[in-house]
Amino acid sequence: MATEVEAWTAVPQRDGAFLVGAPEEEEEFVDDDMLAEGEVNGNWTPQEKALHEARLKAKAKRRLRRTSSRDSTRESFSETGGEPGTDPNSPKGKISISDRKSRMGKGRGLPKKGGAGGKGVWGAAGMVYDYEEPDARDPNYDESSQGDTVYATVVPELDEEQLEKTVNPIVQEYFQHGDTKEVQALLKELNLGSKKFQFSSLAVSLALEGKASHRELTSRLLSDLAGKALSKDDISRAFDKMLKDLPELILDTPEAPQMLGQFIARAIADHALPMNFLDRYKGRVDCDHARAALDRAAVLLSMKREIMRLDNVWGVGGGQRPVRHLIREVNLLLKEYLLSGEVSEAERCLCDLEVPHFHHELVYEAVVMVLESSGETAVKMMVKLLKVFWETGLITIDQMNRGFQRVYDELPDINLDVPHAHTIMETFVDLCFQETVITKALRDACPSRGRKRFVSEGDGGLIKQ
């Protein structure tokens with residue numbers, strides 16, 4: 001045992017496990033084979049083995065650091081032209097503060113970014129920069145300084161729900177002003193896309209539920225938009241869709257087949273639909289309602305073949321009618337009433353004229369008919385008719401007063417044809433006042449014919465009024 005202890009103390013400990021004060025130079029020459037052999041023989045404890053591995057890793061790092069530092073020193077001397085033996089403490093051997101080489105003993109000792117980095121540096125010497133496209137995400141990006149900029153407005157295509165919500169107000173407003181150019185301008189602002197044909201179908205559907213004047217305006221709209229905002233194919237697709245939807249349209253509008261046939265005939269006459277539109281459906285229609293609409297269109301076209309436009313297919317609605325035509329319609333209305341005595345029919349005919357601003361003409365013509373009639377029947381019937389129109393509000397007080405006042409002004413001329421016009425007029429005005437058709441002021445304004453009397457010869461034989 002003593003011999004083993006002496007052997008251990010005589011031999012220097014080079015494995016680094018128990019040698020505390022040994023210099024680094026001696027550590028580098030440790031015999032790795034001897035250490036491996038001791039490990040194989042099982043002379044090491046686990047703690048010693050772990051410590052040995054840690055020391056090996058530290059030694060390897062020191063070797064790598066020493067090698068890199070040696071290489072960087074050599075490169076630094078080669079660049080500055082110095083000699084390896086120069087004293088580092090001398091002024092020539094001192095490292096400049098502005099030197100961009102690494103002084104941490106790491107890396108290759110070359111300048112950062114090849115000498116192109118650092119504060120106040122615009123790049124390496126001799127570097128030529130190419131033009132770079134401006135980045136819109138750059139904080140300094142200025143859109144106004146990028147030259148000519150073209151702005152394009154992208155309007156998304158309307159879906160089914162948005163299309164109906166957008167088109168309905170446009171058509172309803174058009175029924176009020178009747179300006180097709182304004183509708184055309186509004187359509188240009190919309191992106192209807194493949195649903196452009198649905199504008200025509202929606203307009204016709206709204207017209208079917210409206211008045212005759214609305215249908216006339218819709219026919220004019222289709223005629224003006226054809227070839228501009230809408231093509232013939234778009235209008236054809238619209239009527240194809242409406243012919244398929246007739247079973248549903250007839251629930252709200254029982255006369256939809258006949259009206260749709262009139263729309264088709266008017267569109268063909270206005271060249272908004274192709275001339276062979278009806279020919280495409282011959283022998284291919286299974287729906288009875290669609291067949292009735294096509295038959296109606298064929299009949300109208302055969303009757304009006306010599307006329308280029310079916311202008312009167314809807315009648316002329318509202319204030320668009322000539323005054324002579326309106327007067328003729330009012331006279332016909334009153335004559336039919338005197339023959340039939342149906343107040344409801346007369347009321348319907350007056351509403352169909354759609355001329356509330358022209359109702360004073362009916363009052364005027366009614367009073368003139370009473371003055372020119374012989375008998376009390378016409379007087380009573382006209383008083384009854386005017387009373388119904390007054391109570392229902394169809395004729396306003398302004399229109400009633402205006403109609404009577406026109407008769408008052410023309411009564412002297414009427415008296416030339418009807419000698420007893422003043423007497424009949426007074427009787428009729430009293431009856432109207434009793435039925436509260438006219439006001440007391442209007443009754444008092446009725447002109448009366450003065451009595452003529454002869455006086456004595458002293459008056460010169462003059463007739464005094």
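**Close-up views of a predicted model**

**View 1. H271 is placed in the loop between α11 and α12 (288-303).** Helices (H or I, at least four residues) and strands (E, at least two) are DSSP runs numbered from the N terminus. The phi angle of H271 is near 65°, a positive value in a residue other than glycine, and H271 counts as partly exposed because its relative accessibility is 42%, where buried means under 20% relative accessible area, exposed means over 50% and partly exposed lies in between (1.4 Å probe, protein chains only). This is a predicted model, in which local features need pLDDT of at least 70 and side-chain atom pairs count only at pLDDT 80 or more, while totals for chains, interfaces and linings use all residues. Residues are numbered from 1 along each chain as its sequence is written, and side-chain values use heavy atoms, with hydrogens and water left out.

**View 2. The whole chain contains 19 helices and two strands.** Of its 465 residues, 32% count as buried. Among the contacts with a separation of 6 or more, 67% are made by residues 24 or more positions apart, a contact being heavy atoms within 4.5 Å.

**View 3. Helix α7 (residues 197-208) is mostly covered, with eleven of its twelve residues buried.** From its first C-alpha to its last, α7 reaches 17 Å, close to the 16 Å expected at 1.5 Å a residue, the expected span being 1.5 Å times one less than the number of residues. The buried residues include F197, F199, L202 and L206, and what covers the buried residues of α7 includes α5 (160-177), α6 (180-188), α8 (212-225), α9 (232-244), α10 (246-252) and α11 (256-269). R237 lies over the face of F197, at 3.9 Å from the ring centre; a charge sits over a ring if NZ of Lys or CZ of Arg is within 6 Å of the ring centre and within 35 degrees of the ring normal.

**View 4. In helix α6, the buried residues are T180, V183, Q184 and L187.** They lie on the same side of α6, because they cover an arc of only 100° around the axis, taken from the directions from the helix axis to the C-beta atoms. An α-helix has 3.6 residues a turn, so residues three or four places apart point the same way. The buried residues of α6 pack against α5, α7 and α8, whereas K181 and K188, on the other side, are exposed. At the start of α6, a side-chain oxygen of D179 reaches to within 3.2 Å of the backbone nitrogen of K181.

**View 5. Q399 lies in helix α17 (residues 397-417).** Q399 is buried, with a relative accessible area of 8%. Not counting residues up to four places away in sequence, Q399 touches P356, H357, F358, H359, H360 and V363. In another close-up, the charged end of R406 sits over the ring of Y364, 4.1 Å from its centre.

**View 6. T436 lies in the loop between α18 (421-434) and α19.** The phi angle of T436 is near 55°, again a positive value in a residue other than glycine, and T436 counts as exposed because its relative accessibility is 52%. A441 is found in helix α19 (residues 440-444) and counts as exposed at 56% relative accessibility. The C-alpha atoms of A441 and N401, 40 residues apart along the chain, are separated by 9.8 Å.

Definitions and conventions: A polar contact is a pair of N or O atoms within 3.5 Å; within protein, one must be able to donate a hydrogen and the other to accept it, and residues adjacent in sequence count only if both atoms are side-chain atoms.
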